[in-house]
Amino acid sequence: MPLLRNACIGLVSFCLPLFSQAAVVESLYQVDVPPHAEADQSAQLAVAAKVMLERLAGAGVKTDSGPLADVLAEPTRVTRQVGSLGDDGALRVEFDPVLLREALGKASVPVLGRNRPGILVWAVQGDDYSRDFLGTSGDMGQALKTAGRYRGVALMQPLADLQDRSSVSEQDVVDASQDVLESASDRYSSEGVLALSVSHEADTWGAQWTLWLNDRKLTGKASSEDPLAVADELMQAIAAEVHRQYAVGGASSAAPVSGWQLEVSGINSVDAFANLQRTLQQLGMEQQPSLLSVEGDRVHFSVDFAGDRAQLERMLMLDQRLVEVAPPAAEPVETAEPEVLVDDVAEPIEPAEQVNTLYYRWR
């Protein structure tokens, strides 16, 4: 667990929205590298570059050859700023998103952007005799925040108020009671639900977890003398599952599907338009969406997306302000088929290419 040792500098808290926008990892392109007595700055930059590539392209991405190997060999080619975090040698490395996207595009690997599914953590700590909901200020609470930030996982924590405690018991978390936890999670804007049971006995930390994300369930456990090691193993497992479900592009994906259009109603202010545009720009597409028209409170965008309809809808659902609505009723059209004479032979005119349109309302 040396990569995370003392990496708690610049921690971010669990987010606590009840009704919110997408879980946007604002510090995604910033990596804090803990000090290593035996490592020089070039070695620390290589560590930061590896972590950065894994945040975007997954832990299984191949970096032994090609454009990504070049990034690891010379990280300064894709960095924007390198600074010291203190006298102990820790570094904060800020990477350039544009240069990274170019390298990942050349490598043809599936990529995640800043928009990521929020993971709501129902966590308890204790033993068979005494358990309580896990606080964020303790060792494991701090370790989860550190590891989540380090691995690019968007963690959320329930308020643990009277409503939560009347809906969920500590035993529900230990038993990973899916129906109970998912029902209690309805008040939060999260895509995933995590049941986490933590123990600390004889200087050994243990954790057992169950993650529900969309239609998939993931279970696991870990133990170590270091709470950061346990938290990091959990965060790596979650990050891998998020990448599996949400990453787009890559050589194995279909070519970008042109012809997608997005119609969004309820855009009645400059702020709403800017927020929608920012959401679309963070979908992880190689080509940015383009504005086609504005009609009253309705805006039309053209979207090229390296995936199918279900994947595109899943990415759009990351922003809770987008609510899918039914398409408008189609107007009646003439059914007569036009003809054109070619060499004195009547042939039907080829129909225009069909445009696939998704309809949403902004709230």
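Me: A crossing is right-handed if the near helix is turned clockwise from the far one by less than a right angle, and left-handed if anticlockwise. Is the crossing of α4 and α8 left-handed or right-handed?

Reply: Keep in mind that this is a predicted model. In it, the crossing of α4 and α8 is right-handed. Helix α4 covers residues 139-151, and helix α8 covers residues 227-246. Their axes come within 8 Å and cross at roughly 40°.

Me: What does that angle make α4 and α8 to each other?

Reply: Start with the cut-offs. Under 35 degrees is roughly parallel, 65 to 115 is roughly perpendicular, and over 145 is roughly antiparallel; the rest is oblique. α4 and α8 are therefore oblique to each other.

Me: Which residues in α4 and α8 meet?

Reply: On the α4 side they include Asp139, Met140, Ala143, Leu144 and Arg151. On the α8 side they include Pro227, Leu228, Val230, Leu234 and Met235. By class, the contact divides into eleven nonpolar, three polar and three charged residues.

Me: At what angle do α1 and α4 pack?

Reply: At about 80°, with the axes of α1 and α4 8 Å apart. That makes α1 roughly perpendicular to α4. Val47, Val51, Glu54 and Arg55 of α1 meet Arg149, Tyr150 and Arg151 of α4. This contact of α1 with α4 has three nonpolar and four charged residues, with no polar ones.

Me: Now sheets. In what order do the three strands of the open sheet stand?

Reply: The general idea comes before the case. Strands of a sheet pair through backbone hydrogen bonds, either parallel or antiparallel. Here the order is β2-β4-β3, and the pairing is antiparallel. β2 and β3 stand at the edges with a single partner strand each, so one side of each has no neighbour in the sheet. Neighbouring strands of this sheet are turned by 15° against each other on average, direction ignored.

Me: Which helix packs on the sheet?

Reply: Helix α1, residues 41-57, packs on the sheet and touches β2, β3 and β4. The direction of α1 makes about 135° with that of β2.

Me: How many bridges join β2 to β4?

Reply: Four, and β2 (residues 30-33) runs antiparallel to β4. Asp32 has Arg92 of β4 as its bridge partner. On the β3 side, strand β3 (residues 79-84) pairs with β4 over five bridges, again in the antiparallel sense. Gly83 stands opposite Arg92.

Me: Next, hairpins. How many bridges join β9 to β10?

Reply: Ten bridges join β9 (residues 192-201) to β10, and the two run antiparallel.

Me: How many residues lie between β10 and β11?

Reply: Two, and β10 and β11 form a hairpin. In its turn, Asn214 has a positive phi of about 60°. β10 and β11 pair in the antiparallel sense over nine bridges. Ala207 has Ala222 of β11 as its bridge partner. Strand β10, residues 204-213, is mostly covered, with eight of its ten residues buried.

Me: Why does Arg216 count as partly exposed?

Reply: Apply the cut-offs. Buried means under 20% relative accessible area, and exposed means over 50%. Arg216 has 30%, so Arg216 is partly exposed. Arg216 is found in strand β11, residues 216-224.

Me: Which residues does Arg216 touch, not counting those up to four places away in sequence?

Reply: Leu211, Glu241, Arg244 and Gln245. Take Glu241 as a case. Arg216 and Glu241 are 25 residues apart along the chain, and their C-alpha atoms are separated by 9.1 Å.

Me: How many helices and strands does the chain come to?

Reply: Ten helices and 18 strands. Of the 363 residues, 44% count as buried. Among contacts with a separation of 6 or more, 69% are between residues 24 or more positions apart.

Conventions
Residues numbered from 1 in each chain as written. Predicted model: local features only at pLDDT ≥ 70, side-chain atom pairs only at ≥ 80, totals over all residues. Heavy atoms only, no water. Pairing = 2+ DSSP bridges. Axes fitted to C-alpha atoms, helices over the stretch in contact; angles between N-to-C directions. Contact = heavy atoms within 4.5 Å. Nonpolar A, V, L, I, M, F, W, Y, C, P; charged D, E, K, R; others polar. Buried < 20%, exposed > 50% of the residue type's maximum accessible area, 1.4 Å probe, protein only.
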